[in-house]
Amino acid sequence: QSDETPTVNLTVEKIMYAEGEGKEREITMNELRAELWKKNFPQQEPSKRSVVLEASPDVPYERYYHVVTAIAAAGGVVAVMEEDGK
């Protein structure tokens with residue numbers, strides 16, 4: 001994973017999206033989909049298709065599922081981060 005690997009931080013209230021250190025911003029689900037499609041994952045080499053997904057433990061399954069589905073639909077591969085950063 002590089003510094004430019006997209007990262008989605010999902011909470012009950014919001015979706016935070018970042019590409020690189022210090023570039024995190026709050027976005028809507030539709031904006032997330034647009035950002036993911038801009039990455040053109042199907043044309044990237046496999047090692048550049050990862051999207052890090054960090055979800056707080058209280059996120060409802062349906063909300064989590066929508067984000068995972070959006071990543072997969074854009075051709076990305078979900079890299080799940082646990083709460084302790086592993």
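User: Which elements are included in what covers the buried residues of helix 2?
Analyst: In this predicted model, the buried residues of helix 2 are V67, A70 and I71. Seen down the axis of helix 2, its buried residues fall within an arc of 100 degrees, so they line one face of the helix. What covers these buried residues includes strand 1 (6–10), helix 1 (29–38), strand 4 (50–55) and strand 5 (77–81).

User: Which residues are exposed on the other side of helix 2?
Analyst: A residue counts as exposed when its relative accessible area is over 50%. On the other side of helix 2, the exposed residues are Y61 and E62.

User: What is the distance between the end C-alpha atoms of helix 2, and what span should its 13 residues have?
Analyst: Helix 2 covers residues 61–73, and at 1.5 Å a residue its 13 residues should span 18 Å. The distance between its end C-alpha atoms agrees with this expectation, at 18 Å.

User: Which residue with a positive phi follows helix 2?
Analyst: After helix 2 comes a residue whose phi is positive, near 95 degrees. That residue is G75.

User: In what order do the five strands of the open sheet lie?
Analyst: The protein has two helices and five strands. Along the sequence these elements follow the pattern β-β-β-α-β-α-β. The five strands form an open sheet with mixed pairing, and their order in it is 3-2-1-4-5.

User: How many bridges join strand 1 to strand 2?
Analyst: A hairpin joins strand 1 to strand 2 through four residues. Strand 2 comprises residues 15–19, and the two strands run antiparallel. Within this pairing, T7 stands opposite A18 of strand 2. The number of bridges joining strand 1 to strand 2 is five.

User: Which residue of strand 4 is the bridge partner of N9?
Analyst: Strand 1 and strand 4 pair in the parallel sense, over four bridges. The bridge partner of N9 in strand 4 is E54.

User: How many of the five residues of strand 1 are buried?
Analyst: To count as buried, a residue must have under 20% relative accessible area. Strand 1 is mostly covered, and of its five residues the number buried is four.

User: Is T5 buried or exposed?
Analyst: T5 lies in the segment before strand 1. Leaving aside neighbours within four places in sequence, T5 is in contact with A18, E19, S50 and V52. Its relative accessible area is 10%, and the limit for a buried residue is under 20%. T5 is therefore buried.

User: What is the C-alpha to C-alpha distance between P46 and V77?
Analyst: P46 is found in the loop between helix 1 and strand 4. With a relative accessible area of 60%, P46 is exposed. P46 and V77 are 31 residues apart in sequence, and in space their C-alpha to C-alpha distance is 8.7 Å.

User: What radius of gyration does the protein have?
Analyst: Along its principal axes, the C-alpha trace of the protein spans about 35 × 25 × 20 Å. With 86 residues, a compact globule would have a radius of gyration near 12 Å. The value for the protein agrees with this and is 12 Å.

User: What share of the contacts with a separation of 6 or more comes from residues 24 or more positions apart?
Analyst: Of the 86 residues of the protein, 33% count as buried. Among the contacts with a separation of 6 or more, the share from residues 24 or more positions apart is 55%.

Notes
Residues numbered from 1 in each chain as written. Predicted model: local features only at pLDDT ≥ 70, side-chain atom pairs only at ≥ 80, totals over all residues. Heavy atoms only, no water. Expected span 1.5 Å × (residues − 1). Buried < 20%, exposed > 50% of the residue type's maximum accessible area, 1.4 Å probe, protein only. Arc of directions from axis to C-beta. Contact = heavy atoms within 4.5 Å. Pairing = 2+ DSSP bridges. Rg over C-alpha atoms; globule rule 2.2 N^0.38 Å.
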